[in-house]
Amino acid sequence: MALIDTYGRRINYLRLSVTDRCNLRCRYCMPEEGVEKLDHSQVLSYADLLRISTEAVAAGIEKIRVTGGEPLVRKGIISFLERLGALPGLKELVLTTNGLLLKEMAQGLREAGVQRLNISLDSLKPETFAAITRGGELKRVLDGLEAAEKAGFPPHKINVVVMRGVNDDEILDFVELTMKRPYAVRFIEYMPTCGDADWRELCVPGAEIRERIGERYLIEEVSNSELSGPSKNFKVQGAQGSLGIITAMTGHFCNGCNRLRVTASGIAKGCLFSGDGVDLRPVLATGDDALLRQEVQRIVAAKPGRHEVTDEGAETVPFAMSRVGG
Ligand SMILES: Nc1nc2c(ncn2[C@@H]2O[C@H](COP(=O)(O)OP(=O)(O)OP(=O)(O)O)[C@@H](O)[C@H]2O)c(=O)[nH]1
Ligand SMILES: C[S@@+](CC[C@H](N)C(=O)[O-])C[C@H]1O[C@@H](n2cnc3c(N)ncnc32)[C@H](O)[C@@H]1O
Ligand code: SF4
Ligand code: SF4
């Protein structure tokens, strides 16, 4: 079965957030204070997350990315992933993490069937890393990357949210990282989700990032795979790894969007920026899984063509990314 939306896009990728909790508090993702945590009773049980995933896969989803908050802080995550990975028809099970707990958990994740990890790492300098994450310890993440490689994961994707005056001086350091390691480093344009007034200064357009890299290195294009996301990938000559740019603000990759989102509290969103979304809990409560599948199909049918976040309107859509899962 295939899920096709009204714009003719095939929706085959579910981003499933399993928790809104996090062991970091990145400045671009959560405000310093004032983010209300979901009450435990609001967070969907693993059984319900599995029911949603089962119906989504039956309807046409082929890839599930587990995200959060920080997915690895939720108790029982490994056995949940094991069950998720066993869903018939699911081709890819992948996870986005801040890497803090990978040292302890990488082996278990691999054994549970997680195929690949995307790891957020915004700075290679301990002080800058701590400032961006409000207290995170860089070494733990670097140890986590190593542990995951040893556990047999393919080369990691590293997510770097580029912020002018904060970490944009490290763009070339990350390029150098791909000379030494086979990582796929992706530079992400900063999205103004926290209602921040200074987002225009912080956001470094993808074109500028690429230009800055091109001034120092010879760029070679690489191909993008069918289930790959919005990242436009390339590499520099002589590198083991690759580079990518996710132009979340300037790019308009919405034409090729293949995603559906479900939050930890059971809100389904056709678009990252879809305001309130659709609450799946009433349908879950009926116990009728055929109805759940129809609801997934209905949400896909109503998926917006693109986001409406523009220079003028950006401040009108604040939300904590940790609630939606990125
Ligand atoms: N605007 C927008 N941003 C997205 C979308 N999907 C992911 N992102 C952003 O892209 C960045 C990287 O997200 P990841 O969780 O690593 O996922 P991804 O790069 O889309 O995943 P893969 O392509 O499957 O590796 C994050 O900042 C996300 O918020 C999307 O559909 N729209
Ligand atoms: C919300 S996090 C959840 C998963 C995990 N905690 C992590 O940090 O990888 C998912 C992705 O969203 C990205 N993200 C969060 N807020 C963002 C923003 N304002 N602009 C761009 N990317 C953002 C993060 O960098 C991360 O790569
Ligand atoms: S980006 Fe990830 S690690 Fe950072 S606060 Fe958000 S959910 Fe937590
Ligand atoms: S902004 Fe919305 S429509 Fe555009 S790529 Fe992201 S999720 Fe898809």
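Author: Gladly! Among the 21 residues around ligand 2, those that come nearest are S120, N159, M191, M321 and G326; a residue counts as near if its C-beta atom, placed from the backbone, lies within 6 Å of the molecule. This is a predicted model, in which local features need pLDDT of at least 70 and side-chain atom pairs count only at pLDDT 80 or more, while totals for chains, interfaces and linings use all residues. Residues are numbered from 1 along each chain as its sequence is written, and chains are lettered from A and ligands numbered from 1 in the order in which they are written.

The average pLDDT of the protein is 93, and 95% of the residues score at least 70, where pLDDT is the predictor's confidence in each residue, from 0 to 100. For the complex, the predictor gives an ipTM of 0.97 and a pTM of 0.95.

Back to ligand 2: at least two residues of its shell come from each of β3, β5 and α11 (321-324). Helices (H or I, at least four residues) and strands (E, at least two) are DSSP runs, numbered from the N terminus. Sorted by class, this shell has 9 nonpolar, 11 polar and 1 charged residues. Here Ala, Val, Leu, Ile, Met, Phe, Trp, Tyr, Cys and Pro count as nonpolar, Asp, Glu, Lys and Arg as charged, and the others, Gly among them, as polar.

Now look at ligand 1. It has 18 residues around it, and T96, N118, G229, A248 and G326 come nearest. The elements giving two or more residues to this shell are β2, β3 (92-97) and β5. Its classes are 7 nonpolar, 8 polar and 3 charged residues.

Next comes the sheet. Its 12 strands form an open sheet with mixed pairing, in the order β7-β8-β9-β6-β5-β4-β3-β2-β1-β10-β11-β12; two strands pair if DSSP finds at least two bridges between them. At the edges are β7 (219-221) and β12 (278-279), each pairing on one side only. Strands β4 (residues 116-120) and β5 (residues 157-162) are joined in the parallel sense over 3 bridges.

Contact means that the C-beta atoms of two residues, placed from the backbone, lie within 7 Å. Axes are lines fitted to C-alpha atoms, for helices over the stretch in contact, with angles from 0 to 180 degrees between N-to-C directions. Helix α6 (residues 171-180) lies across β5, β6 (184-189), β8 (232-236) and β9 (242-246), at about 160° to β6.

Finally, follow the chain past β9. C257 sits in the loop between β9 and β10. The unreviewed UniProt entry marks C254, C257 and C271 as "binding site". They are spread over 18 residues of sequence yet cluster in space, with a largest C-alpha distance of 9.3 Å. UniProt positions use the numbering here, feature names are shortened, and annotations may be inferred rather than shown by experiment. These cysteines are among the residues around ligand 4, which also include F253, R259 and H307.
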